[in-house]
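I opened the model and kept notes on what I looked up. The entries follow in the order I made them.

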Amino acid sequence: MITKNKYHKKKRIIFFCDDPAGGVILGIIIKEIAKDHDVFPCFTGPSEKYIDKTNFKNNNLKPNTSVKKLEKLILKIKPNLMITAAGIYNMYEHNARLIAKKNKIISIAIIDYWCEYSSRFQRKMKNTLQYSYPDWVFIMDKKSKKDFLIETKFEDNKTFVSGSINLEAIFKNFVLRKKYKNSKKNNNIIITF
C-alpha cells in the first residue's frame, strides 16, 4: 500500500507598518509566529528600526510607495493573511488594507493606542473620505474595544481584545532580567502605566 505524506504548507503572512509603536508590536508578533509561518515584513519609515534584520528580510519600501507597486509586491507574495499596524497619518498601512480588501486577502489591524479610532481607518482623498477597515481589529482592552465600537460602528464580532502586546513584552523582559540578577536582594518593584 502506498501512503502519501501529509504535507502542511506554511501560511504566508505579510506585515505592513510605518507607525513606530505598531513596529514594536508587529516585530514581537513576527518573532513569535515565524517558526510556524512564512513571514514577509514590510516596515517603512520610523518602524524600520523595530524589525529584527538579522533574522528577517524587510521588504524595504518607502512610505510613499505607489499603490501599483504595493499591490504588485502583495500579489507576488500571495499572502494568506495581512497584518497591519493602525497608524493615524500614513498612507502605507491604509493602502495595504485597501489592496487586501480588493484582492480578498484577510486582513487584521492592531490598534496600539487608546484614542482616535476612526482616524486610523480613514483618509481624505479628493475631498472624500476613503475607508480601509480590515476584516478584524485587535485592540488592547475591554474599555478601548467599547470606545472603538461606539466611535466607528465596526462589527463587535470582528473586534478582539488582544492585550497590549508591547507592554506585556516589556514587562516580561523586565521580570526575566530581574529574576536572573542578584537573587540575594529583596527588591520591591512597582510598575505603573
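Entry 1. Is Lys-62 buried or exposed? I looked it up: Lys-62 is exposed, because its relative accessible area is 54%. The classes I use are buried for under 20% relative accessible area, exposed for over 50%, and partly exposed in between (1.4 Å probe, protein chains only). Areas come from the Shrake-Rupley method, and for residues only the protein chains shown count as cover. I place Lys-62 in the loop between strand S2 (37–43) and helix H2 (67–77).

Entry 2. I note the basis of these values. This is a predicted model, in which local features need pLDDT of at least 70 and side-chain atom pairs count only at pLDDT 80 or more, while totals for chains, interfaces and linings use all residues. Residues are numbered from 1 along each chain as its sequence is written, and side-chain values use heavy atoms, with hydrogens and water left out.

Entry 3. I counted five helices and eight strands in the protein chain. Helices (H or I, at least four residues) and strands (E, at least two) are DSSP runs, numbered from the N terminus. From that end the order reads β-α-β-α-β-α-β-β-β-β-α-β-α. Of the 193 residues, 42% count as buried.

Entry 4. I checked helix H3 (residues 92–102) and found eight of its eleven residues buried, so the rest of the structure largely encloses it. Among the buried ones are Glu-93, His-94, Arg-97 and Ile-99. Just after H3, I found Lys-104 with a positive phi of about 55 degrees.

Entry 5. I looked at Thr-152, which lies in helix H4 (residues 142–152). Thr-152 is buried, with a relative accessible area of 12%. A polar atom of its side chain lies 2.7 Å from the backbone oxygen of Phe-148. The backbone nitrogen of Phe-154 lies 3.2 Å from a polar atom of the Thr-152 side chain.

Entry 6. Ile-106, Trp-136 and Phe-160 make a nonpolar surface patch of about 250 Å². A patch takes residues with over 30% relative accessible area and no salt bridge, joining nonpolar side chains (Val, Leu, Ile, Met, Phe, Trp, Tyr) within 5 Å and like charges within 9 Å. A salt bridge is a side-chain nitrogen of Lys or Arg within 4 Å of a carboxyl oxygen of Asp or Glu. I find Trp-136 in strand S7 (residues 136–139), and Trp-136 is partly exposed, at 33% relative accessible area.

Methods: Areas by Shrake-Rupley, 256 points an atom, 1.4 Å probe, with all protein chains shown as cover. Polar contact = N/O pair within 3.5 Å; in protein donor to acceptor, adjacent residues only side chain to side chain.
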